[in-house]
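The sequence and structure come first.

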Amino acid sequence: MRRDHLDWPFFEPRHRELAELLGAWCAEHLHTGHGSDVDAQCRGLVGQLGSAGWLRHAVAGTAHGGAGEAIDTRAICLLRETLAFHHGLADFAFAMQGLGSGAISLAGTPAQRERYLPKVAAGAAIAAFALSEPQAGSDVAALQCATRDDGDAWVLDGEKTWISNGGIADFYVVFARTGEQPGSRGISAFIVDAGTPGFEIAERIDVIAPHPLARLRFSGCRVPRAQQLGAPGEGFKLAMRTLDIFRTSVAAAALGFARRALHEGLQRARARPMFGQRLADFQLTQAKLAQMATTIDSAALLTYRAAWQRDQGRTVTREAAMAKLAATEGAQQVIDAAVQLWGGAGVVHGNVVESLYREIRALRIYEGATEVQQLIIGRDLLKET
């Protein structure tokens, strides 16, 4: 994996060093592909990433195991890009630790941070972010999972679905309606430990790129008041703040997948004999490779612009949406081109490009589908005077 982009002015020396160190670690410890027991493999990867110190970058606060007082967006992006290049499930494991605990990093009480974040950073506890519902995916304000006040506790009733790490997580940050006001202003956040009475895994969901995924059900689930996260009625804002950190990193993961696809495509083009030449000798092949590389660099510039701007304390709603849109859609095109270069072998189960083809598809949907990113960008443009 070439790392010319590490010389771009978005990065500091520490970012370049971090990416180089992780690249070497991945080459030694990670191998492409999923085992038959995805749950066990994901747990193992969380443990590996924690023991090696990489998960420290997914949480905030040095007193709680974090690499810094705030989450460094550029570091998160470089880590995800590198992990995705080497192993899709390792990227997933890293990202979900950050997303699942992100709201605690942002709004947790000292006691909540002390209880959960050190374990997340060490890989000793698995986190999950429970926002989506069967009828509330892109339209988060429409969620129906509700709570009622019951003295010393809140009682949750409802369902969540498409929850990453569902079934293996040790705790879930759950967003539910508390009803202070209509719509998005009547939502609060709660930390629900696995095994809490009234909370169950209703269904495990099998998707094209195997990841731990589930539908959750809450039936009279009592959550102590001490487990409320942030202020009442501020859950929607907290969810959006959490997603703002990690949405740009989805673009970075897409870059990692796309860079691996280009790498595999180049290897195939150089090695595959065709009509007395190599596949690489044909101008059509060269044009295809040129388009793949240009697509990747274009998306990378948008991605690391957004990451850099956020680390400067700027609002990046539009920039993060542009990055996710360009990187995920572009990666789909690059990976499809790599499969085409591989020909029939490219669709054989277990081939790297076949695996990438399955891995990339979900990134165009989760944390805001492509169409939602277009709406975000358009609406933000229309606010300008």
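Helices (H or I, at least four residues) and strands (E, at least two) are DSSP runs, numbered from the N terminus. The model is predicted: local features need pLDDT of at least 70, side-chain atom pairs count only at pLDDT 80 or more, and totals for chains, interfaces and linings use all residues. Residues are numbered from 1 along each chain as its sequence is written, and side-chain values use heavy atoms, with hydrogens and water left out.

The largest pocket has a volume of about 1400 Å³. A pocket is an open set of points on a 1 Å grid over the protein atoms alone, where a 1.4 Å probe fits, with protein on both sides within 12 Å along at least five of seven lines; lining residues have an atom within 4 Å of a point. Among the 47 lining residues, Ser 132, Ile 365, Tyr 366, Glu 367 and Gly 368 are the closest to the centre of the pocket. Helix H6 gives the largest share of the lining, seven residues.

Arg 80 is part of helix H3 (residues 73-86). Because its relative accessibility is 2%, Arg 80 counts as buried (under 20% relative accessible area, 1.4 Å probe, protein chains only). Its side chain makes polar contacts (pairs of N or O atoms within 3.5 Å, one able to donate a hydrogen and the other to accept it) with the side chains tabulated here.

| Side chain | Partner side chain | Distance |
|---|---|---|
| Arg 80 | Ser 249 | 3.0 Å |
| Arg 80 | Tyr 366 | 3.3 Å |

Beyond its neighbours within four places in sequence, Arg 80 has contacts (heavy atoms within 4.5 Å) that include Asp 91, Phe 94, Phe 246 and Val 250.

How values were computed: Buried < 20%, exposed > 50% of the residue type's maximum accessible area, 1.4 Å probe, protein only. Points joined across faces, edges and corners; volume = space filled by probe spheres on them.
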